[in-house]
Amino acid sequence: MSRLVVVSNRVTLPQKSGDAPAGGLAVALQAALEERGGIWMGWSGKSSGAGEPAPLSLQEHGNITYALTDLTKTDVEEYYHGFANRVLWPICHYRLDLAEYGRKEMAGYFRVNRFFAHRLAPLLEEDDIIWVHDYHLIPLAAELRQMGLKNRIGFFLHIPWPPADVLFTMPVHEEIMRGLSHYDLVGFQTDHDLDNFGGGLVREGIGERLSEGKFTSYGRTFKGGFYSIGIETAAFAEFARNAANNAIVRKARQSVEGRDLIIGVDRLDYSKGITQRIDAFEHFIKSNPGHHNRVTYLQITPKSRSEVPEYEQMQRMVAEQAGRVNGAIGTVDWVPIRYINRSIGRPVLAGLYRLARIGLVTPLRDGMNLVAKEYVAAQDPENPGVLVLSRFAGAARELRGALLVNPYDIEGTANAIARGINMPLEERKERWGRMMEHLLEHDVTRWCDDFLKDLTAA
Ligand code: ADQ
């Protein structure tokens, strides 16, 4: 079996005993690397300031070598905060209005990808299989090919791929499309993303869709497919079953005693639709007076990318909005919305999901959304809650037992909350059973295996 080389912007180092368990993606990639032997390369998250980054830091753990590189301050600014997070992220989430183009940032993005390629190449062997992750590293294969590498290289995009009219507003869309054609397999989250990609190629006259999932563009033929990422379903369900006695979960249960819990869990990001969700909750309460003092909405949102001004501003906006709703509809003994800005370990998170009658997952656009899958996996089979899910999350293509909503439609989302709260046990069980069966079969290990099988055959 060939060695596997994983490259991603950030690397999850192996857990030390006593650490909180890693997420499903990291566990699945580590298992695949352990089985085949290999390397996981990425940015250390550290800046070397104005000076040249030190040589790669190599750490061996079992069969895996973790290879971490620092980046200069300018690289971090231009490649990461600049082009990746202020151009590709908004464009791929259909937010043309938020993309900020700058020549410096675009150049920095391609320069850092070249730098990654030059640092990675000396570690590679001829028959290594290389798996590149996410939007930070689209041009990496082109850079490696430029250096003469013939290895099989696959790419997986964790976020959505937009339709042509959105993508082509980006000045360097051509270089990005050309970059993707240097892979042997390009994987997306859903059939919609794959269609957007194929449609863009054909419409712009830069490529063709061939049979058997193949594409041709810029003189290269490669495979495209969709591989919907899953979670570690069985392990997560086990966390949830065992969480009942956890002190934090117990306190949470006591604090909502007698009320239905609605839970939202998201990184703070404009794509997650948090403000629209609070509006929908407020509308639900106002139009269902019988539920006054009968529900609590818990929104758990660790801050992310707080160095980007829009995220800082969003944090203030959400906190103010929650405060305003609490002021307007709360009573001396009822705080309708609890808004918490911290990260929570997976076992406790699983326990909180299980307490909640409704999982409210309403992103405006999301590649997949693992929170939706975690919520389902954590439910008590005898008394499962209801998932209210945005139709614009990749997960909506699979989780057919959810109540699907349009998150821009505040009234519609409020009605779905009401329907979920009032849903009879039999219907809840039937909907949950269908979703859980799917998630057990399509877990993160299966996702990893499917992608690697197709990459090996590509
Ligand atoms: P994200 O945008 O980060 O991922 P998501 O898929 O929901 O979105 O994953 C978030 C993860 O962070 C979940 O595992 C969740 O449990 C965890 N998390 C969120 N809030 C937390 C908190 N307060 N404490 C602890 N953990 C928390 C990107 C794409 C998604 C895609 C994934 C995987 O944007 O569309 O599903 O990658 O491919």
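Student: At roughly what angle do the axes of helix α8 and helix α15 cross?

Tutor: Axes are lines fitted to C-alpha atoms, for helices over the stretch in contact, with angles from 0 to 180 degrees between N-to-C directions. Helices are DSSP runs (H or I, at least four residues), numbered from the N terminus. In this predicted model, the axes of α8 (residues 233-242) and α15 (residues 425-441) cross at roughly 125° and come within 8 Å. The pair α8 and α15 is therefore oblique; angles under 35 degrees count as roughly parallel, over 145 as roughly antiparallel, 65 to 115 as roughly perpendicular and the rest as oblique.

Tutor: Local features need pLDDT of at least 70, side-chain atom pairs count only at pLDDT 80 or more, and totals for chains, interfaces and linings use all residues. Residues are numbered from 1 along each chain as its sequence is written, and side-chain values use heavy atoms, with hydrogens and water left out.

Student: Which residues of α8 meet α15?

Tutor: Contact means heavy atoms within 4.5 Å. Thr233, Ala234 and Ala237 of α8 meet Met436, Leu439 and Leu440 of α15.

Student: How is the protein chain divided into domains?

Tutor: Domain bounds come from an automatic or database domain assignment. Here domain 1 covers 4-230 + 444-457, and domain 2 covers 233-441. Their C-alpha centres lie 30 Å apart. In domain 1, 27 residues are in contact with 23 residues of domain 2.

Student: How many salt bridges does the rule find across this interface?

Tutor: A salt bridge is a side-chain nitrogen of Lys or Arg within 4 Å of a carboxyl oxygen of Asp or Glu. The rule finds two between domain 1 and domain 2.

Conventions
Helices (H or I, at least four residues) and strands (E, at least two) are DSSP runs, numbered from the N terminus.
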